[in-house]
Amino acid sequence: KTGKKIYYYGFNDNNDIFRFKFKEGQNYSVSENGLTASKTSEGTYWDCSIFGDKEIPKNRISKLKIKLNEIGSYCYIIIGIGPQNPNNKINFYQDCYSFFCYNSQKIIKSTSDSDYNGHAGQLKKGDIVEVIVDRKSGNLSFTVNDIDYGLAHSEIPKDVTLYPVVMLRDKGQK
C-alpha cells in the first residue's frame, strides 16, 4: 500500500512481490490479518515455530522483512527459513538457516550448529530484520535496520521446500 511500510513481504530478482502471512499453529496466536504472531505458551523454551503460508521461491532471490513488535526481557528470537514442521518439535531451530538473537545479542548462525559468525550488537523493540534468501546460489544473509551483516549461510539447499520461519522463546513476544 502506498505510503505504508509492510513487513511481511519480500521481492525476488524479477521484482515480483513475494507476500506471505503467518499460519496458525501451536503455542502462538496469529492476528486476524495474518501479519502478527504472538507466543502464547508459558515457559521459556523453544516450543514456538511460526511459519509463513508460502514456500520461498526456488531459483530466485527473495527478501523477507520481520518487525520485532515485542521482544521480551531477554529477546530470545530466531528468524530465518526452514522446512515446514507440523510436529512443532522443541529445538526445531537446529533444522533451520537462521538469524539467532540470544539474550538480546545478535548472533548470525552459520551452517555448523556450533559455529557462529559473531556478535553484532543488541536487538530492541521496533527493529527490522531482513532475511535475504538467494536460492540460485544457496546463500542466506541478514540485515538489521538496513545494516548488512554479510553472509550467514552458503549451503542452502536449492531443491528443498523452505518457508519463512520465526521462533519465539518467551510468552508475549510478537
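**The interior of an all-strand predicted model**

I begin with the largest cavity, whose lining consists of Phe20, Phe22, Leu64, Ile66, Ile79, Gly80, Val131, Pro164, Val165 and Val166. A cavity here is a set of points, on a 1 Å grid over the protein atoms alone, where a 1.4 Å probe fits but cannot get out; lining residues have an atom within 4 Å of a point.

This is a predicted model, in which local features need pLDDT of at least 70 and side-chain atom pairs count only at pLDDT 80 or more, while totals for chains, interfaces and linings use all residues. Residues are numbered from 1 along each chain as its sequence is written, and side-chain values use heavy atoms, with hydrogens and water left out.

The protein chain contains zero helices and 14 strands, strands being DSSP runs of E of at least two residues and helices runs of H or I of at least four, numbered from the N terminus. Of its 174 residues, 47% count as buried, that is, under 20% relative accessible area with a 1.4 Å probe, protein chains only.

To return to the cavity: its volume is about 40 Å³, taken as the space filled by probe spheres set on the points, which are joined across faces, edges and corners. Strand 14 gives the most to the lining, with three residues; strand 6 and strand 7 each supply at least two. The lining divides into nine nonpolar residues, one polar and no charged. In this count Ala, Val, Leu, Ile, Met, Phe, Trp, Tyr, Cys and Pro are nonpolar, Asp, Glu, Lys and Arg charged, and the others, Gly among them, polar.

Two of the lining residues, Phe20 and Phe22, form an edge-to-face aromatic pair, 5.8 Å centre to centre with 85° between the planes. Rings of Phe, Tyr and Trp (its six-membered ring) pair if their centres lie within 6.5 Å, and planes over 60 degrees apart count as edge-to-face. Phe20 is buried at a relative accessible area of 1%, and Phe22 is buried at 14%.

Which residues have the most contacts inside the largest nonpolar core? They are Ile50, Ile79, Ile81, Leu123, Val129 and Leu140, in a core of 30 residues. Such a core is a set of buried Ala, Val, Leu, Ile, Met, Phe, Trp, Tyr and Cys residues joined through side-chain atoms within 4.5 Å. Strand 6 (61-67), strand 7 (77-82) and strand 14 (163-168) are among the elements that give two or more residues to this core. Apart from it lies another core, of nine residues, including Trp46 and Met167.

Conventions: Buried means under 20% relative accessible area, exposed over 50%, partly exposed in between (1.4 Å probe, protein chains only). On a 1 Å grid over the protein atoms alone, a cavity is a set of points where a 1.4 Å probe fits but cannot get out, and a pocket is an open set with protein on both sides within 12 Å along at least five of seven lines; lining residues have an atom within 4 Å of a point. Rings of Phe, Tyr and Trp (its six-membered ring) pair if their centres lie within 6.5 Å; planes under 30 degrees apart count as stacked, over 60 as edge-to-face and the rest as tilted.
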